[in-house]
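Please examine the sequence and the structure shown below.

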There are 2 protein chains.
Amino acid sequence: MYDMTIVLRTDGGKCLYEQIYEYIKSEIKDGKLLAGERLPSTRSLAEYLQVARSTVEYAYDQLLSEGYIESVPCRGYFVCTVEELFRMEEAKPREADRSERGEEAAERDSVRWSYHFSPHEIDMSGFPFGVWKKITKNILNSGNSELFARGEAQGDSNLRETISRYLHSSRGVNCRPEQIIVGAGNDYLLMLLEKILGRHVRIAMENPTYKRTYRIFKSFAYDIVTVDMDESGMRPDCLTGANVSAAYVMPSHQFPMGIVMPIGRRMELLKWAAGGEDRYLIEDDYDSEFRYYGKPIPALQASDKSGKVIYIGTFSKAIAPAIRISFMVLPQTLLERYRRNCSFYSCTVSRIDQRILNEFIRDGYFERHLNKMRKIYRAKQELLLRCLEPFKKKFEISGESTGLHLILTSLGDVTEEELLEQAGREGVKVYGLSESMVEEKKERDRFCALSSPGRRATVLLGFGGLSQEQIIEGMKRLQKAWL
Amino acid sequence: MYDMTIVLRTDGGKCLYEQIYEYIKSEIKDGKLLAGERLPSTRSLAEYLQVARSTVEYAYDQLLSEGYIESVPCRGYFVCTVEELFRMEEAKPREADRSERGEEAAERDSVRWSYHFSPHEIDMSGFPFGVWKKITKNILNSGNSELFARGEAQGDSNLRETISRYLHSSRGVNCRPEQIIVGAGNDYLLMLLEKILGRHVRIAMENPTYKRTYRIFKSFAYDIVTVDMDESGMRPDCLTGANVSAAYVMPSHQFPMGIVMPIGRRMELLKWAAGGEDRYLIEDDYDSEFRYYGKPIPALQASDKSGKVIYIGTFSKAIAPAIRISFMVLPQTLLERYRRNCSFYSCTVSRIDQRILNEFIRDGYFERHLNKMRKIYRAKQELLLRCLEPFKKKFEISGESTGLHLILTSLGDVTEEELLEQAGREGVKVYGLSESMVEEKKERDRFCALSSPGRRATVLLGFGGLSQEQIIEGMKRLQKAWL
């Protein structure tokens, strides 16, 4: 029988059974105890080691359950055949791989800029922490354990009810709560939409468009067709020729061009969609809350009488990106498909978060927050427009009606690259329009030829995340750089 | 010029500009104002209506921005060509569609059962609401607006650091925080994994297996191959023949069979995976925290020396399903692929939730909670086992080592359907093994032939969500039904 030379320590480190277990395991792993070899009986090993028999039994049980040893009735414990001592070279840990460095570099990069006119940043200083905290506390104080149980796949019905009322009153969207799917961000909802629409979709996008969505569709291996735009947005005549079954649009505020799609164009798109059984319009209504002049323009979905619009909205801009709550309104045909094929996907938003958001909207805090933020952003935009006065001799300014960025189009011969470089030298980061272009040069030319005379350099100036002081100082530097 | 017969009301309803705007809009929609027609100038209309000129300007601006009218410099405002008055029959609202009714029926169904031995329910009564609340309050009190800003795509690095430490100490998993991706539930992480592994994957699953994952893989249009199991789990020899590139396993506790995969079998699987460049094992470690005897068995990932295991863990069972936090550990090769192709997908978990969870684990509450729950579940299991004593003459009982359900296999000739029906008549819901079977009959026979002599009826008794009283009373009824 195998001779066990284990020395048990009682100095308060590992407990006895653990020491026995680990000793035997390592003996097996090191090939000192071979397959088929019999272990001492629990009684004899306990006597030998001067420990309680249950201690040894405990250690053996553990080895049994992990498959290192097996028990043969009336004969004892034997070492199992562990196929082979499977030790391949462990992959050498690298210092850090390239893409990690890339990210870090990008981060350092963003630190380099003194003034960052990002069109994606929002102002968090206006966030009603107090209210959010109060609602959260009340919900947790109610101590409702139901909140921690699995919820409905489409999102809690209370929240969906609240969203449908909000959408109706503020966006003109007509939908029943059953049509709404709550999800953790637009990216997730698009992934879910892929499961509903199917994997072979030929989809139209404007060019330039929202690059993140483009990347997501690319990752789906969707067949993306960029169709021409004019000053009203996507051209429906190009759509018909493109042989697509879906089109992604931002009718309330095209990113990045800032176009608000006029009603006539909307009707044309809806007519196109109604012209084929499986045609849909994906309406991304990402920032329509921040419209500064006149009444909010209703969503495209509001004009849809034939169930052709998939409406996607988010609270990332209106509340905060980190709360990760978006929603999608499905037309009836797709709702049925969702229920047939996808309703087993669990909801991706925690029920506590859903309830907080529900009360935040239901009790009027959301509306008040939006009104407040609209004022804040409008003041920033007005300031930026004032700062832009001297630029008007060299640039055309557009995109003032809605959203968190303005568009500057050069009237001169300067290139986009030159503008970015000149700004960069002053420590100012602005965004070139070409960053939102999604196809090779050919498409860009086509767009530019239509949307603006020649090929004028165009940059985006986002102001959501900047303070008034930062806007003033940043614009002073841009003046130095460009004028 | 068009004659405007609008009657403005000043009785405190809609404001003046809104009335003008809506009047003109409806005139256009109704075809009373035709495309190309000129509107009165703002000055003349203001005089005519006896309102301030700015009121009319405001109304026109709104119509302009929605595209109903256009402004021609030096000439005035004209009605746009709204392609056609596009009014199709509005889809008739149905009372409620079938699948909705189906869901309601299922809900009523679950109410019908007095005792529901679900293997998926957990006990929320032990949840440390107080601690969770305290942590949440502290985090919100710190008032850090950074928390509401967009976070890292893979999840906040603090949480990933904490998870990697936890995984190492409790599951033997070796990983750097960079390898971890935090996501809102396993379903989401599998969707993300599809984007990493690609859309054409031939994947092996045990049979029976976890039905939810099966459905998800089906929705990916993955080519699913069920491979035979024996008492150690998935058979690697069948794997080689099946020509698959991935295999989905639950080595710590196979659902539903309760098999803990022995080390020998694990090594064989790892060897299979190492035998092909693009072969991977997906390890779903869904409930290994609730192991009642001996030390926790390390994860399969812990034995993986060649970067072949994708490890997926969740806090749904260990904390609560509603918090929607899972994580995935990618081997280096797939991590690189993720960074190349998928890193633009935003994280699906809110940063506040990530921070709460981070502190919950970091400050030791999670471990204490697990210890407490392990005791609670163990007590329930022991009670259930005592209640099962009289069943032993007719049933074989298995699956005691881990998890929240036991397995009863009939020693007699009764069928699964008969067992379910007999239980149902007493108001008790138990789960038949066939609910976890994923392929047609042929596969089932093959499995049964290997795993148990003949085709014995097998049911699952979940106990996680039941109180001790419910277990006692439910088992009394089952005794009446089956013995």
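Is Glu178(B) buried, partly exposed or exposed? Glu178(B) is partly exposed, with a relative accessible area of 23%; buried means under 20% relative accessible area, exposed over 50%, and partly exposed in between (1.4 Å probe, protein chains only).

## Basis of the report

This is a predicted model, in which local features need pLDDT of at least 70 and side-chain atom pairs count only at pLDDT 80 or more, while totals for chains, interfaces and linings use all residues. Residues are numbered from 1 along each chain as its sequence is written, chains are lettered from A and ligands numbered from 1 in the order in which they are written, and side-chain values use heavy atoms, with hydrogens and water left out.

## Salt bridges

Side chains of opposite charge can pair when their charged atoms come close. A salt bridge is counted when a side-chain nitrogen of Lys or Arg lies within 4 Å of a carboxyl oxygen of Asp or Glu. Over all chains, the whole structure holds 50 salt bridges.

In chain B, Glu178(B) pairs with Arg176(B), with 3.1 Å between the closest N and O atoms. Arg176(B) is partly exposed at 24% relative accessibility.

Arg456(A) lies in the loop between α15 (441–451) and β17 (458–462) of chain A and Glu396(A) in strand β13 (residues 395–398) of chain A, so the pair ties together parts that are 60 residues apart in sequence. Helices (H or I, at least four residues) and strands (E, at least two) are DSSP runs, numbered from the N terminus.

Arg456(A) is partly exposed at 25% relative accessibility, and Glu396(A) is partly exposed at 41%.

## A buried pair and its network

Lys195(A) and Glu194(A) form a salt bridge of 3.6 Å, N to O. Lys195(A) is buried, at 10% relative accessible area, and Glu194(A) is buried at 3%. A network of salt bridges links Glu194(A), Lys195(A), Arg199(A), Glu194(B), Lys195(B) and Arg199(B).

## A buried threonine

Thr209(A) sits in the loop between β5 (202–206) and α8 (211–219) of chain A and is buried, at 0% relative accessibility. Leaving aside residues up to four places away in sequence, the contacts of Thr209(A) (heavy atoms within 4.5 Å) include Tyr214(A), Tyr248(A), Phe255(A) and Val438(A).
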